[in-house]
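Visitor: I am new to this structure and would like to learn how to read it. Could you take me through a few features, step by step?

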Amino acid sequence: MRREPPKTAADYAPLAFPALMLIVFFVVPFSIMIAVSFFKRDPAGFYKPAFVFDNYARFLSAFFGEVLGFSLMLAVTVAACCIVIAFPFTYLLTRRPRRVQTLWLVGLLSVLSLSEVIIGFAWSTLLSRTAGITNLLVAIGLMDQPVALLPTFGAVLTGMVYQALPYTILVLYPALVRLDPTLTEAARTLGASPVRAFFNVTVPALRNTIVATLIMVFVFALGSYLLPQILGRPRHWTLSVLITDQAIYQSNMPFAAAMAVFLVLISLSLVGLTLLVGRRENAA
Amino acid sequence: MSGLSINAITKRFGDFAAVDDVTLAVPHGSFVCLLGPSGCGKTTLLRMIAGLEEPSAGAIVLDGEDITTLPTHKRSLGMVFQSLALFPHLTVGDNIAYALRIRGAPKQDQRKRVEELLSMIHLSGFADRPVTKLSGGQRQRVAIARALALSPKLFLLDEPLSALDAKLREAMQVELRQLQQRLGITTIVVTHDQREAMTMADLVVVMGKGKILQAAPPIEIYRKPADAFVADFIGITNLLPVETDGAGRSSVLGAAVPELACPSGTTKATISIRPEDVRLTTPGRGTLDGTVTFVRDLGGTIETFVEAGGMTITAVATPRERPDVQVGQTVGVLLPAENCVVVKS
């Protein structure tokens, strides 16, 4: 259905409330943060208004570069893992009877009600030496003695994928439900095995959905700062952890603001780049 | 036997038998239409032939090979879906070449075959267009070409023309039939449109409630319907009660039709007579007398509705033999015995 574009000012009225909310709770705080990022730190108090690039200059070091690189890599890995697990899962889920689907979705929604702290400590118990899953493996004779699986990169990744997976599935679900099941059937009548049909019909037909979901999980994972601390070593800490550290424990608001602005710019440019590449490929 | 044979196939969904003990032989190179109202099991039967549904019982044999449990992708078939199911992310050419690409055919062969097929469907030069930019009729042709890319043994179509407007649909029916005859490919079409079935098929299979009610050439189905349901489903018909007395004399709505032979032993039956076989005459000279209730003059044909003995009888005539009747007039209705078919009701 095609709707007429809004013409008069009154037509835009429904946008007024969300626009106001966005301005008050997003644009204004973000602007303040940008301003603060150019301020000077006052060791005695908080910060002094100024216009200096010191905070950004300090950021341009090998250490922070490495942390930024790690944060981006972690977020990309989490996003990729989530898609790889969630896409086939959701695809199979949409082919089950309605009742089964509802049960699974309710279960997944309940995971969303868990806070990041609870998820973190649950996994730290599960991966621990004393009470973790390795004890089970020992019990069934697969391992000689229980080992601690944390703090490791794998533990951080597991926790973050666990946390992001329900979101991924809930974003993919509507698109996969709407996908015409005869597309894969057509591929099968043309000689593609079910697995092949999945990879060269279902996946490409939903390319845009997959890219959008990747971006969403990427941004979601970029903001995670609790799980890396609970499940990882300091070298697994993300930029978000350092920002929290600077802002809250070091009271260096201008530097934290500079890092935050930088992180936003980097992730926005990555998202923009992905969309640009996608559009070019679609046009070709 | 060469061709497709379906032996006592049943498909149950829970307690419900969608297809109930169906046996059908489809000779090689013939065009079969599965015809019936929605929910009669025709699509389920087609999907079992394609391997997209597994039969609960029975066997499907293609050219002497039992393919009942063979996975879809190993059967040699091409299928056109009701939704067409063209791959939205591929161009026209890539859609048609899909089956060849899956089998790893060289790029050159793929391009050559695509060009061949595109010229067959009168869409030469469309290879690089996205399928989303095509009209309904063009998409239809692309779906047909894609299904035929590998010259399959079986060509299956599920309500292929239902998305097209009436004019285009009639044209495509003729085109599809001509294409099938040129290629000599065994074809099975599911449809609920009896005109479509009559236009295209060598053999029309009328289904109802999961069973085959009648399988015969179109004109035979039309002329000699097996039962009242088939008679009513194929074309327009008059279904009238007929009674036979002890001496074997038949009467319709109380008027004697002496030449009408009913199966012996029955006292009550139903006859089917096509509107074009019903003739109108002056009162008293026909089999029955009735009152004209409505005249529908469509230009090409004139339909007259006559009420007689509590039933409405429809008569169709061409303008040349224009019956000179008006609403309210009493007329005589002639039911020629040779055109009356006794059907199971």
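Guide: Let us start with a pair of side chains, keeping in mind that this is a predicted model: A:Glu185 and B:Arg47 meet in a salt bridge, with 2.6 Å from N to O.

Visitor: How many salt bridges are counted between chain B and chain A?

Guide: The count between the two chains is one salt bridge, while the count of residue pairs in polar contact between chain B and chain A is seven, taking pairs with both residues at pLDDT 80 or more.

Visitor: Which elements of chain B supply the side that touches chain A?

Guide: At least two residues each come from β6 (77-80), α2 (92-102) and α4 (136-148) of chain B, and α2(B) gives the largest share, four residues. Sorted by class, this side of chain B holds twelve nonpolar, five polar and four charged residues.

Visitor: How many residues are in contact, and what area do the chains bury?

Guide: In chain B, 21 residues are in contact with 19 residues of chain A, and the two chains bury about 1,700 Å² between them, with 63% of that area on carbon and sulfur atoms.

Visitor: And how should I read a helix, for instance α3 of chain A?

Guide: As a general idea, an α-helix has 3.6 residues a turn, so residues three or four places apart point the same way. Helix α3 of chain A, residues 62-94, has 33 residues and reaches 47 Å from its first C-alpha to its last, close to the 48 Å expected at 1.5 Å a residue. At A:Ala86, α3(A) bends by about 25°, and a proline, A:Pro88, follows within four residues.

Definitions and conventions. Residues numbered from 1 in each chain as written. Chains lettered and ligands numbered in written order. Predicted model: local features only at pLDDT ≥ 70, side-chain atom pairs only at ≥ 80, totals over all residues. Heavy atoms only, no water. Expected span 1.5 Å × (residues − 1). Bend = angle between axes of the 7 residues up to and from the residue. Contact = heavy atoms within 4.5 Å. Buried area = accessible area lost by both parts, 1.4 Å probe. Salt bridge = Lys/Arg side-chain N within 4 Å of Asp/Glu carboxyl O. Polar contact = N/O pair within 3.5 Å; in protein donor to acceptor, adjacent residues only side chain to side chain. Nonpolar A, V, L, I, M, F, W, Y, C, P; charged D, E, K, R; others polar.
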